[in-house]
Amino acid sequence: MPVSRQLLRPVSSGFILLTFVLSLAINLLPWQAGLIGFAPDFVALFIIYWSLNQPRRVGVGWAFFLGLLMDVADGNILGQHALAYTVIAYLTLARQRQLAVFPFWQQAFVALALMLSGQALMLALRTAMGAPFPGWAYFAGCFVAAFIWPPLSNILLSHQRRPTTEEL
């Protein structure tokens with residue numbers, strides 16, 4: 001009796017780069033400012049995704065570089081996003097083998113915790129530099145990110161899936 005299984009194709013570096021360019025562009029859209037706190041940090045979300053699914057290709061170095069790009073493009077304190085993204089990537093890579101086998105809904109809770117830690121780190125840096133506390137709605141984007149994690153993961157994995165049939 002044939003059994004359907006999913007084999008994953010290797011992902012190209014160009015596709016990873018494209019997702020990061022798109023995530024940077026989405027983070028810098030003007031509507032992000034109007035949705036203070038409610039729009040997720042897509043760069044951090046993709047850093048978690050690619051660190052989890054391609055740990056040999058995307059790691060702390062990518063996170064630091066993307067964080068610096070985000071800091072310069074957004075006009076924030078230089079190094080704020082870089083530090084937060086680096087911590088997120090490190091924490092993801094530290095438990096990558098364990099997290100990779102979790103179902104998407106459990107990975108969403110891990111993504112929530114990682115996003116909350118990154119936002120808390122950036123908030124601590126901002127308030128240490130004298131910025132006022134923006135309110136608890138600042139963390140709402142983390143919950144939106146956790147909510148969109150399962151469909152986002154399925155969409156990105158659909159690019160790699162290749163159906164095969166084998167006979168047992």
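Analyst: On a 1 Å grid over the protein atoms alone, a cavity is a set of points where a 1.4 Å probe fits but cannot get out. Points are joined across faces, edges and corners, and the volume is the space filled by probe spheres set on them. The model is predicted: local features need pLDDT of at least 70 and side-chain atom pairs 80 or more, while totals for chains, interfaces and linings use all residues. Residues are numbered from 1 along each chain as its sequence is written, and side-chain values use heavy atoms, without hydrogens and water.

User: How many cavities of 30 Å³ or more does the search find?

Analyst: The search of the whole structure finds 1. The largest cavity holds about 40 Å³.

User: What makes Trp 149 a lining residue of the largest cavity?

Analyst: A lining residue has an atom within 4 Å of a point. Trp 149 is listed in that lining, as are Ile 48, Leu 52 and Gln 107, among others. α7 gives the largest share, 4 residues.

User: What is the volume of the second largest pocket?

Analyst: About 200 Å³. A pocket is an open set with protein on both sides within 12 Å along at least five of seven lines. Its lining has 6 nonpolar, 4 polar and 1 charged residues.

How values were computed. Helices (H or I, at least four residues) and strands (E, at least two) are DSSP runs, numbered from the N terminus. Ala, Val, Leu, Ile, Met, Phe, Trp, Tyr, Cys and Pro count as nonpolar, Asp, Glu, Lys and Arg as charged, and the others, Gly among them, as polar.
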